[in-house]
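Hello,

Here is the structure I promised to pass on. My notes on it follow just below.

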Amino acid sequence: MSESSGVEAEGSHPAIRVFLLDDHEVVRRGLRHLLEAETDIEVVGEAGTAESGMNRMLVLRPDVGLLDVRLPDGDGVRVCREIRSALPGTACLMLTAYGDDRALLGAIMAGAAGYVTKQASGAELIGAVRAVAAGQSTLDADAAQRVMRRVREGAQGEAPVSALSAQEKRVLDLIGDGLTNRQIAEHMSLSEKTAKNYVSSVLTKLGMHRRSQAAAFAARLAGASGQ
């Protein structure tokens, strides 16, 4: 009989296995201390960058990924989309200091099960972890309605572009020119993997699923600016 990785009392449920992704060590330590004080939650790993977080989560296969939206080498929304694709059994709970609708839209489009701000109480965060681990959503009705309104209105004008960094705007222009990831990498003196990450981030922030959508959007912007 093989030995399991965790010990369970007879008749008890296995602990909720949580992975922490935040670029601030102090925040991770605080989250770990808060979560591990609960008998039904176990922190199985942590990371401070998007790349390290994705690599470790693919190995550890946690029940819940608690992901910071802002990361030094990308964003938690991109990590969420990649993890949800590779590990559909892992629920992603987005953690951010910013309660803006744009970040919430990106989280929903990426398949996040929930979204909590860093201003939330410890009880609210623990409740959200338990809820998403049980297959529930922690998105409140008002927030969901605001986001759906943005989706219905569409990604038109300059509003979604304002969410892009200077590098991401440049990548969007190159997508509009029809360049591949490899060509974008060469043009911007980046690795092909970094270029791919930028393209992924651009699609997420624009609420798009396909490169062709971004190319058409870039063309419309170029046409509007040329008028």
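What does the accessible surface of the protein come to, and what percentage of it belongs to carbon and sulfur atoms? The surface is about 12200 Å², with 50% belonging to carbon and sulfur atoms; accessible areas come from the Shrake-Rupley method with a 1.4 Å probe, and for residues only the protein chains shown count as cover.

Please keep in mind that this is a predicted model, where local features need pLDDT of at least 70 and side-chain atom pairs count only at pLDDT 80 or more, while totals for chains, interfaces and linings use all residues. Residues are numbered from 1 along each chain as its sequence is written, and side-chain values use heavy atoms, with hydrogens and water left out.

The protein has 10 helices and 7 strands (DSSP runs, numbered from the N terminus: H or I of at least four residues for helices, E of at least two for strands). Of its 227 residues, 38% are buried (under 20% relative accessible area, 1.4 Å probe, protein chains only).

I looked at helix α7, residues 166–176, where Glu 168, Val 171, Leu 172, Leu 174 and Ile 175 are buried. These line one face of the helix, because they fall within an arc of 165° seen down the axis of α7 (the arc is that of the directions from the helix axis to the C-beta atoms). Just after α7, Gly 178 has a positive phi of about 85°.

Glu 168 has a relative accessible area of 6%. A polar atom of its side chain lies 2.8 Å from the backbone nitrogen of Ser 165. Beyond its neighbours within four places in sequence, Glu 168 contacts (heavy atoms within 4.5 Å) Ala 163, Tyr 198, Ser 201, Val 202 and Lys 205.

Best wishes

How values were computed. Buried means under 20% relative accessible area, exposed over 50%, partly exposed in between (1.4 Å probe, protein chains only). A polar contact is a pair of N or O atoms within 3.5 Å; within protein, one must be able to donate a hydrogen and the other to accept it, and residues adjacent in sequence count only if both atoms are side-chain atoms.
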